[in-house]
Amino acid sequence: MPSLTSLLAVGSLALQTALCLPGLNTFPDHNVKILKRSVDTFVATESPIALNHILCNIGASGACVPGAGSGFVIAGPGQDNPNYFYTWTRDAALVFKCLVDTFIDQYSSSLQILIENYITAQARLQTVQNPSGGLSSGGLGEPKFNADGSAFTGSWGRPQRDGPALRATALITYAKWLVSNGYSSTAKSLVWPVIQNDLSYVSQYWNNTGFDLWEEVSGSSFFTIAAQHRALVEGSALAGQLGTSCTHCDSQAPQALCFLQRFWTSKGYILANINANDGRTAKDANTLLASIHGFDPSIGCDAATFQPCSDRALANHKVVSDSFRSVYSINSGIPGGQAVSVGRYPEDVYYGGNPWYLCSLAAAEQLFDALYTWNKQGFMTITAVSLPFFRDFSASVAIGTFASSSNTYIGLFNAIQTYADGYLVVIENYAQANGSLSEQFSKYDGHPLSAYDLTWSYAAFLTAAARRSGKIPSSWIGPSDSVVPSTCSASSANGPYSVAPTSTFPAGQTPITGTSTATASPTSPPCTIAENVTVTFNEIVTTQFGQTIKIVGDAANMGAWDPTKAVALSASQYTNSNPVWFGTVELGSGILVEYKYINVASDGTVTWEGGSNRVYTPPVGCASTAVVNDVWR
Ligand SMILES: *[C@@H]1O[C@H](CO)[C@@H](O)[C@H](O)[C@H]1NC(C)=O
Ligand SMILES: *[C@@H]1O[C@H](CO)[C@@H](O)[C@H](O)[C@H]1NC(C)=O
Ligand SMILES: *[C@@H]1O[C@H](CO)[C@@H](O)[C@H](O)[C@H]1NC(C)=O
């Protein structure tokens, strides 16, 4: 991959002499353009790679995770050093939130099947008795399950209370799409029951301690409370749309928001964890991830919900990113206001304590969110709280509100855009040459570390890239949802739990308005996900002259089990040393087929191969071809 490190070095040396605006610490204009073009190229190249890797890590069609159950997102395909071959409720929900937003942006029947499989899998998972409990006794807080959906019974940091909230948000986003396209009854009968269980869990337990998203600290985590607040707010709104209600959401949402304020400190940053005695500074990318998860430009730069452009979230962005400048050698000498590699928290020792792709991407995404909102509202406000953040870009800037026509706004906007793109340059520099993203990269030399092909890393890339191109998720905060009660109180409310149905989703729920139901700018999606896959079947089988090998199965294109409609394979590449018969069949991606090979003699006699039916699920992804290699049995 082209390295921009040298370009950036030139840019920073040159800026003393070639400022485009007085007092603004930014790059000379032509270098900014080169940087932007280069990041454009990287984003265009990496986006389809990232989407394909995500799909490859989802069962049962994902080729990277054989053995994973239908609808389960596997955290990473690696099974040792470390073993990430599990499905985490948190990771899966964040990944599917990204996929649902991708789906809403551009309809894809294959993606819709995956989303439906995810929902059905979650309905099942909710009922699995596990070390945290059962459906109505705390079991929804179990952090991870085996790849086939059975309980993981080893010791672990449990419960983790963000999972149900994040899953509710992913499902609510899809349910809202169903409602707005005229499929309210599907939303109500098949999606809402799963959401309702999660909302009952959140309203009951939000005011209890649990393990944080890094699975280390037992206490109250900012990320968790923010995710819970969001789920309660939008869960209640969805209930209303479906003609029901969530009174336990309504009573708890304001209290969760009230508690959220406690994480802000007069030291000028957000505490990642409280009610915990972990001896850390509590500076943590947890808070960046919380801010981007709650992004809603309809509420502007609201500080109560820690919007990405709020003064609190910007001040915090500086404190958190600065906390990594001195602890990683690869960040050495990079001044404030220029992108660095960002990890989980400065005291981290896991794998030696290194930067993470998803944390560096969250730092980028928060800035892209802020830029979007400033652009939308047409002004930028600097307060005493956010002044240190802005001073990194202009040493002389002062408190005030600056219209988009002002030189101050223009200079800051351009400098922050360049700063945000710098975080993508970090990713470009430290990704594998083929675009693969692991969990971490070395603080010494940037080489990939820990789990390879981490699904969340790819989702973090896609959401950052989407925000950069102006693709914005749907709004979730209503007018009164950001009003903080004057007094906070400890509380909890019980809601119903019941086993959600796992029946098949109705077919043909296509968008009413044509292809696109959402947003935004005329940028292309990461790739067009293939609806059908042309699958080449290679069958190794020794035959006599006059015999023909055919494939027959339950799919219409495989003859629907009728041997007279079976697909004849070709022997044109058959040799004695490689007796292969091959042929292609077009199959729906993500749709499981059962099939067998038959040997048809010249007189029409059919001999079926032995054993049980073969099963195959064509992959969901950018590619529209796949290959299956079989041997006659
Ligand atoms: C419960 O909420 C109260 C009021 O906001 C807060 O003081 C307390 O720390 C919370 N406890 C937990 C464990 O969330
Ligand atoms: C990408 O490159 C890495 C490092 O060479 C390699 O381990 C990995 O298998 C490659 N991935 C793919 C999908 O080619
Ligand atoms: C996919 O296959 C189905 C069934 O054969 C067909 O109706 C549909 O048009 C195909 N879609 C594309 C995009 O070729």
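By class, which residues make up the shell around ligand 1? The shell has 3 nonpolar, 6 polar and 1 charged residues, where Ala, Val, Leu, Ile, Met, Phe, Trp, Tyr, Cys and Pro count as nonpolar, Asp, Glu, Lys and Arg as charged, and the others, Gly among them, as polar. This is a predicted model, in which local features need pLDDT of at least 70 and side-chain atom pairs pLDDT 80 or more, while totals for chains, interfaces and linings use all residues. Residues are numbered from 1 along each chain as its sequence is written, chains are lettered from A and ligands numbered from 1 in the order in which they are written, and side-chain values use heavy atoms, without hydrogens and water.

Around ligand 1 stand Asn-207, Asn-208, Thr-209, Ser-220, Phe-259, Arg-262, Asn-275, Cys-488, Ser-489 and Ala-490, each with a heavy atom within 4 Å of the ligand. Oxygen atoms of ligand 1 lie 2.6 Å from a side-chain N or O atom of Asn-207, 3.1 Å from one of Arg-262 and 3.2 Å from one of Asn-275. Taken alone, ligand 1 exposes 360 Å², and the protein buries 79% of that, with areas from the Shrake-Rupley method and a 1.4 Å probe.

Cys-488 of this shell also forms a disulfide with Cys-258, the sulfur atoms being 2.0 Å apart; a disulfide is a pair of cysteine sulfur atoms within 2.5 Å. The torsion about the S-S bond is -90°, and the link is left-handed. Cys-258 sits in helix α8 (residues 247–261) and Cys-488 in the loop between α14 (455–468) and β10 (532–540), 230 residues apart. Helices (H or I, at least four residues) and strands (E, at least two) are DSSP runs numbered from the N terminus. Cys-258 is buried at 2% relative accessibility, whereas Cys-488 is partly exposed at 46%; buried means under 20% relative accessible area, exposed over 50%, and partly exposed in between (1.4 Å probe, protein chains only).

The count comes to 5 disulfides. Another of them joins Cys-527 and Cys-622, with sulfur atoms 2.1 Å apart. Its torsion is about -80°, so the disulfide is left-handed. Cys-527 lies in the loop between α14 and β10 and Cys-622 in the loop between β16 (614–616) and β17 (625–631), so the pair ties together parts 95 residues apart in sequence.

Technical notes:
A polar contact is a pair of N or O atoms within 3.5 Å; within protein, one must be able to donate a hydrogen and the other to accept it, and residues adjacent in sequence count only if both atoms are side-chain atoms.
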